[in-house]
Amino acid sequence: MKFSRLTLLFSAVALVLMAGVSAFPASGQNIFQQLLGGNRAYAGPLKIPAANKIAQAEKIIESCYVDTVDTDKLAETAIIAMLETLDPHSTYSDPEETKELTTPLDGNFSGIGIQFNMLNDTLYVIQTTSGGPSEKVGILPGDRIIQADDSIISGVKRPNSSVIKLLRGPKGTSVNLKVLRKGVEKPIDFFVTRDDIPVYSIDAAYMADPTTGYIRLSRFAESTPEEISKAMRDLRRQGMKNLVLDLQDNGGGLLGSAIDLASRFLPADNLVVYTKSPTMGDQFYGTERNGEFLDGRLVVLVNQYSASASEITAGAMQDNDRGVIVGRRTFGKGLVQRPFPFPDGSMIRLTVSKYYTPAGRCIQKPYERGKSDEYRKDMLHRYEAGEFSSADSIHFSDAEKYSTRRLGRTVYGGGGIMPDVFVPIDTTGYSNYYRNLTAKGIINRFAISYVDENRKELMKKYPDEERFLREFSVTEEMMDALVRLGERDSVMPDSAQLEISRKTIGTIVKGIIGRDLFDTATYFKVVNPELNPVYVRGLEIINDPEEYRRYLSPVPAE
């Protein structure tokens, strides 16, 4: 007699179930019934609350499973599995992950106050926080920290996360650092008392030209409103009439900071964003008073990695006809997460509502519940479809057509914010050789080593940023040295590809050197005009009043 595979499978399952039942002595059955919450004899299916079922399953496994079980891990696995059946942004984080997630948004953490890079398996100090603990005790840029208390840092291939754990700690605690300094024969001991270290959300704020201010925002944190106020005051004192707000690569952050930023550019009683939730109702967020920057021209720069709070800001400017949005279609993250912390420091971030722009567009791009892997491939699909190179590859349905609130301009929903002015990605300076140098950190390592070896001479020759920007250039000798460094790390030179990427590599090297000598903003002052076409196009528009007005003109009556 022949049996199908399915028949054999059902037979095997039946045997297992019968064996399991027969293996339960009476006392075992009593335990089983007690675990389920009573001594009631089995009388068929009984509907129980889902929460009780999960708790009972955990009790059964903990009490009866053949091997020892880590119940904490079991609970975490169950929570993660539940969340994976929902949307792509509902997540669980353990205590350590929760701390890493919240620190950038809290505005500060406790540590020693340095910006560092791992160079040749050694911690290399790039900058010290102004007024921070390390600066106070005399640690300098270029110093190498080789040991923290009893833990060796240098030469043991520690990951950055491990090094950060050694240097961070509660405010008021201390750490003894051994430091190597160029020109000093023996290591220097520094006793550093940890303190609150600010986490800045503004990467750069400077005058792009005599009348145009530029602010690059990396995140929306608690400190963002205060930072923006200071930056705008400083830029006004330098003659700012118009503003380029750069939200490229800004993954978002706190809703309140996004509303605060948008409110600075809008009159009173303008809608910024609203949320919809079947359980929590609708919430509307608008401006309570006139913003401080209502008359100057405003350009907002975005790209495919601008998400969440960045999209709220860009959407509010576009729907209220306040500024021109320049760049590429944004990420499309419009699901609102509410944190639910557990006593052990872990946390669930559960999606509770969706964001909508003032014109009624849902920011969130489409997704299927329980298919997070496919959702994460969206950026790759967009790239393969040519979206980053041509606006014509992006198609919108009439069902997603909306009108701006003041001028009636057509804008589209369907996920993300489509800019008013599309700027394709620039790949002219990219090559496989450049990609390999970048992947192995060669460019960064070369620039840092160059500063380390020539810091005194560089500071003497370029005593201020303006002179460095005007006069410094990457020489042929420097490029040759960089190529040799790449060879030592198995990145073999390719003369044709090097020629393609020479300008890109040289510009980045100069930017990193300038950052290490002066400030993070120096990097963007070097790189933006040469390698950031969205920035260049934004400046062109903001400095051409006629073109700017053309993008913000009323729709003619039919």
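Which residue in β4 does Phe116 stand opposite? In this predicted model, Phe116 stands opposite Val125.

The protein chain has 558 residues, of which 44% are buried. Its secondary structure comprises 20 helices and 21 strands. Among contacts with a separation of 6 or more, 69% link residues 24 or more positions apart.

Strand β3 spans residues 114-119. Five of its six residues are buried, leaving the strand mostly covered. Its partner is strand β4, residues 122-128. The two strands run antiparallel and are joined by six bridges. Two residues lie between the strands of this hairpin. In the hairpin, Asn120 adopts a positive phi near 55°.

Helix α16 covers residues 476-488, and helix α17 covers residues 495-517. The helices pack at an angle of about 100°. Their axes lie 11 Å apart. Because angles of 65 to 115 degrees count as roughly perpendicular, α16 is roughly perpendicular to α17. On the α16 side, the contact involves Glu476, Met478, Met479, Leu482 and Val483. These meet Leu498, Arg502, Ile505, Val509 and Ile513 in α17. By class, eight residues of this contact are nonpolar and two are charged. No polar residues take part.

Definitions and conventions: Residues are numbered from 1 along each chain as its sequence is written. This is a predicted model: local features need pLDDT of at least 70, side-chain atom pairs count only at pLDDT 80 or more; totals for chains, interfaces and linings use all residues. Side-chain values use heavy atoms; hydrogens and water are left out. Helices (H or I, at least four residues) and strands (E, at least two) are DSSP runs, numbered from the N terminus. Buried means under 20% relative accessible area, exposed over 50%, partly exposed in between (1.4 Å probe, protein chains only). Contact means heavy atoms within 4.5 Å. Two strands pair if DSSP finds at least two bridges between them. Axes are lines fitted to C-alpha atoms, for helices over the stretch in contact, and angles run from 0 to 180 degrees between N-to-C directions. Angles under 35 degrees count as roughly parallel, over 145 as roughly antiparallel, 65 to 115 as roughly perpendicular and the rest as oblique. Ala, Val, Leu, Ile, Met, Phe, Trp, Tyr, Cys and Pro count as nonpolar, Asp, Glu, Lys and Arg as charged, and the others, Gly among them, as polar.
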